[in-house]
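Subject: Structure for your review

Dear colleague,

Please find below the structure that I am handing over to you, followed by an account of what was found in it.

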Amino acid sequence: MAFYERRAARQAGHAEMAGNALLVRQAMQARCALEARAIDHDLRSPVGSMALALELLRRTDDPATRREVADVLERQISRMTTLTERVHELAQALAD
């Protein structure tokens, strides 16, 4: 094989590898975008629940209601903690 043919074959191989790397990167970005949209959606629900629970806490003096609302807040805070961990993982994936 002549020098120029070997060089052309090497360049074609490099172009194919670069194309594959681009496809992998695009797939990862698409996955991250889907995950970000899911996290955005998932964050809205606990925030709304927490806002309502806070309003109820402000309006009631009933100890049973206050305990129930505190339980709701505790569950939603736990849920949001999990979601923030997902955000952190997503940010790390995007940084790689």
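A residue is called exposed when its relative accessible area is over 50%, buried when that area is under 20%, and partly exposed in between. R44, at 56% relative accessibility, therefore counts as exposed. Please bear in mind throughout that this is a predicted model.

Overall architecture

The protein chain contains two helices and zero strands. Helix α1 covers residues 3–59, and helix α2 covers residues 63–95. Of the 96 residues of the chain, 11% are classed as buried. The accessible surface amounts to about 7,500 Å², and carbon and sulfur atoms account for 59% of that area. When contacts between residues at least 6 apart in sequence are considered, 76% of them join residues at least 24 apart.

Helix α2 and its buried residues

Does the span of α2 agree or disagree with its number of residues? At 1.5 Å a residue, its 33 residues should span 48 Å, and the end C-alpha atoms lie 47 Å apart, which agrees. The buried residues in α2 are V69, L73, Q76, L83, L90 and A93.

Q76 deserves a separate word. With a relative accessible area of 11%, Q76 falls under the 20% limit and so counts as buried. Leaving aside residues up to four places away in sequence, Q76 touches P46, S49 and M50. V47, in helix α1, has a relative accessible area of 44% and is partly exposed. The C-alpha atoms of V47 and M80 are 8.4 Å apart in space, although the two residues are 33 apart in sequence.

Salt bridges

Side chains of opposite charge can pair when their charged atoms come close. How many salt bridges does a search of the whole structure find? The search gives four.

One of them joins R86 and E35, whose closest N and O atoms are 2.8 Å apart. Because R86 lies in helix α2 and E35 in helix α1, this pair ties together parts that are 51 residues apart in sequence. Both partners are partly exposed: R86 has a relative accessible area of 22%, and E35 has one of 28%.

A further salt bridge is formed by the side chains of D40 and R44, at 3.3 Å from N to O. These two residues are four apart in helix α1, so about one helical turn separates them. D40 is partly exposed at 37% relative accessibility, whereas R44 is exposed at 56%.

R59 and E55 also form a salt bridge, with the closest N and O atoms 2.6 Å apart. Both residues belong to helix α1 and are four residues apart, about one turn of the helix. R59 is exposed, with a relative accessible area of 68%, while E55 is partly exposed at 32%. Salt bridges with shared partners also link E35, D42 and R86 into one network.

In summary, the predicted model shows two helices and zero strands, with a salt bridge between R86 and E35 that ties helix α2 to helix α1.

Yours sincerely

Notes: Residues are numbered from 1 along each chain as its sequence is written. This is a predicted model: local features need pLDDT of at least 70, side-chain atom pairs count only at pLDDT 80 or more; totals for chains, interfaces and linings use all residues. Side-chain values use heavy atoms; hydrogens and water are left out. Buried means under 20% relative accessible area, exposed over 50%, partly exposed in between (1.4 Å probe, protein chains only). Contact means heavy atoms within 4.5 Å. Accessible areas come from the Shrake-Rupley method with a 1.4 Å probe; for residues, only the protein chains shown count as cover. The expected span of a helix is 1.5 Å times one less than its number of residues.
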